[in-house]
Amino acid sequence: MLPALRRCRPGPVPLPALAAALGPGPFPALCPGWSPRAVPARGRKSRHDPPAKSKVGRVKLPPPVDPEELLVVLERYRQHRLVLNALRAEFRAEVLQKKREERLAAAGSLEEQEEHRRLMAWNDEENARQRARREERLRKQEEEEKRKKLEIAEKQARKMEAFVEEKEKEVLQLQEEAKNFITLENLEARIEECLDNPRNYNFAIDKDGRIVKRTVLS
Amino acid sequence: MVQLGSCLLRGRGGNVVIRFALGGCTNRPFFRIVVANSRRPRDGKYLEQLGCLDPLPNAHGEKVAGLNLERLRYWLGCGAQLSRPAEKLLGLAGFLPLHPMTVTAAERLRRQRQREQQPEASPADSTAGPGTDTAPGTDTAP
């Protein structure tokens with residue numbers, strides 16, 4: 001927009017021929033401050049082809065711009081774009097609405113939704129029931145295990161007690177027997193005693209351990 | 001034959017445009033109003049055809065165009081851009097507001113026609129005036 005407005009601004013005419021050429025044009029009061037294009041627009045020739053001899057003095061200028069018309073046109077464009085954007089928003093809302101409705105319709109009618117909800121509720125109930133049963137079972141299992149552990153512990157304890165009792169009995173027995181042991185102090189007294197009381201071990205024993213009173217020879 | 005379609009569309013993002021695709025024969029153009037990716041060739045593969053336009057006037061002097069407004073609304077709602085001639089056509093059809101340049105061009109044409117008429121009128125008036133003055137002069141002269 002700015003270059004177009006700059007073109008409208010009256011400025012020094014670069015060539016006197018320009019003023020004559022313009023003459024009584026559509027905007028005679030304006031002597032626009034244009035500058036001729038340095039490089040011509042491309043057509044049949046490439047950038048490396050030189051311009052023709054007939055175009056030596058040619059000066060190409062951009063089309064004239066009326067500032068009032070330009071402002072009017074810009075205002076019209078602004079309003080046009082406003083309306084266009086409003087329409088686009090409208091159409092977008094329409095498309096989204098249609099998509100939403102389609103989705104709801106695809107999801108199913110009222111009865112289907114009701115049935116879906118009922119089935120979901122039933123499923124939840126079933127899950128709760130199963131969960132209760134499972135928890136019951138787990139609880140019982142835990143109790144069983146605890147009881148078993150207790151039993152084992154008790155058994156162990158009893159075994160230990162029995163063992164300890166046995167050992168104590170042995171110890172007591174040994175203590176009892178220790179009274180009859182021959183010690184260094186008793187040694188001489190016991191030897192005297194044995195020598196004083198001779199015992200006769202000259203007997204036979206049968207297989208059962210009884211003393212045999214009768215021999216075969218008699 | 002190398003199919004360039006998906007390579008074109010996946011390199012850098014293009015956008016969906018509603019534009020004219022030229023068809024027909026030599027000296028007989030025919031436009032199809034078409035929704036396509038902007039990076040496709042003008043007459044190449046398009047998403048959907050929304051109408052057609054015959055630029056040459058028919059026996060009754062009318063230029064006939066057909067439009068599918070329902071699908072047009074859908075594509076505009078999906079965010080399709082419009083090419084300038086497509087906008088102008090839809091403005092003239094009444095679906096969209098008139099394009100500013102349509103109005104401006106009409107105004108310029110009207111002004112030009114008025115300017116052409118005024119020089120015709122003023123020389124005619126100026127020639128009529130002296131003409132009427134001289135005619136009695138010549139008549140009166142013996």
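**Figure 1. Secondary structure of chain A in the predicted model.** Five helices and two strands make up the secondary structure of chain A. Read from the N terminus, the order of these elements is α-α-α-α-α-β-β.

**Figure 2. Burial, contacts and surface of chain A.** Chain A has 218 residues, of which 8% count as buried. Among the contacts in chain A with a separation of 6 or more, 45% are made by residues 24 or more positions apart.

**Figure 3. The aromatic pair B:Phe20 and B:Phe31.** Over all chains, the structure holds three aromatic pairs. In the pair of B:Phe20 and B:Phe31, the ring centres lie 5.6 Å apart and the planes meet at 40°, so the pair is tilted. B:Phe20 belongs to strand S1 (residues 16-25) of chain B and B:Phe31 to strand S2 (residues 28-37) of chain B; the pair therefore ties together parts that are eleven residues apart in sequence. B:Phe20 counts as buried because its relative accessibility is 15%, under the 20% limit for burial. B:Phe31, with a relative accessible area of 22%, is partly exposed.

**Figure 4. The aromatic pair B:Tyr74 and B:Trp75.** The ring centres of B:Tyr74 and B:Trp75 are 5.4 Å apart, and their planes stand at 70°, so the pair is edge-to-face. B:Tyr74 is partly exposed, at 28% relative accessibility, whereas B:Trp75 has a relative accessible area of 14% and is buried.

Conventions. Residues numbered from 1 in each chain as written. Chains lettered and ligands numbered in written order. Predicted model: local features only at pLDDT ≥ 70, side-chain atom pairs only at ≥ 80, totals over all residues. Heavy atoms only, no water. Helix = DSSP H or I, 4+ residues; strand = E, 2+ residues; numbered from the N terminus. Buried < 20%, exposed > 50% of the residue type's maximum accessible area, 1.4 Å probe, protein only. Contact = heavy atoms within 4.5 Å. Areas by Shrake-Rupley, 256 points an atom, 1.4 Å probe, with all protein chains shown as cover. Phe/Tyr/Trp six-rings, centres within 6.5 Å; stacked < 30°, edge-to-face > 60°.
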